[in-house]
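Here is a chain to look over.

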Amino acid sequence: MDCPRCRMPLSPVTYEGVETDMCNTCWGFWLDCGELEQILDSQELQFSQEERDKVLGLNAASRPGSTEPAACPKCGKEMARVHCDESIHLVIDQCEQHGVWLDTGEIKKVQALAEKSDDVRRMMIRKLGLG
């Protein structure tokens, strides 16, 4: 399976106790259906308030992820762009059949947002059609 951004092969990695696929070139993550929810549920490691503020505060200094739609690495169809949080430029690419693509740094933003409160976590899961 290849990265939908740079077309390099994805490598299997364990993240928060969940088998995922990562691009060693652009540091993006492919998560099969159910894996993002498992990561949010596991919370093996939690951000301190300072770390969470830093991850979520990077929006002022960082560029948003790619604005181009990505093709699903499994079926090749164009994925939907799900706007999770405009204030931090968090737009996740989603294939309803196969999973989600998280561009560089987005996996940490998703976790930091979900850790803010159960309401925010539920909202993200609902937006991504996970629960």
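Q: What does the secondary structure of the chain come to?
A: In this predicted model, the chain has 4 helices and 6 strands. Along the sequence they follow the pattern β-β-β-α-α-β-β-β-α-α.

Q: Why is Gln111 called buried?
A: Buried means under 20% relative accessible area. Gln111 has 5% relative accessibility, so Gln111 counts as buried. Gln111 sits in helix α3.

Q: What makes the pair Gln111 and Tyr15 a polar contact?
A: The cut-off for a pair of N or O atoms is within 3.5 Å. The side chains of Gln111 and Tyr15 make their polar contact at 2.4 Å.

Q: Which residues of helix α4 are buried?
A: In α4, residues 118-127, they are Arg121, Met124 and Ile125.

Q: How do you know that these buried residues line one face of α4?
A: Look down the axis of α4. The buried residues fall within an arc of 95°, so they line one face of the helix.

Q: What does the face of α4 turned away from the buried side carry?
A: That face carries Asp119 and Arg126, which are exposed. Exposed means over 50% relative accessible area.

Q: What do the buried residues of α4 pack against?
A: They pack against α1 (35-42), β5 (90-95) and α3 (106-116). Helix α3 is also the place of Gln111.

Q: How much of the chain is buried?
A: Of the 131 residues, 41% are buried. The chain exposes about 7200 Å², and carbon and sulfur atoms supply 49% of that area.

How values were computed: Residues are numbered from 1 along each chain as its sequence is written. This is a predicted model: local features need pLDDT of at least 70, side-chain atom pairs count only at pLDDT 80 or more; totals for chains, interfaces and linings use all residues. Side-chain values use heavy atoms; hydrogens and water are left out. Buried means under 20% relative accessible area, exposed over 50%, partly exposed in between (1.4 Å probe, protein chains only). Helices (H or I, at least four residues) and strands (E, at least two) are DSSP runs, numbered from the N terminus. The arc is that of the directions from the helix axis to the C-beta atoms. Contact means heavy atoms within 4.5 Å. A polar contact is a pair of N or O atoms within 3.5 Å; within protein, one must be able to donate a hydrogen and the other to accept it, and residues adjacent in sequence count only if both atoms are side-chain atoms. Accessible areas come from the Shrake-Rupley method with a 1.4 Å probe; for residues, only the protein chains shown count as cover.
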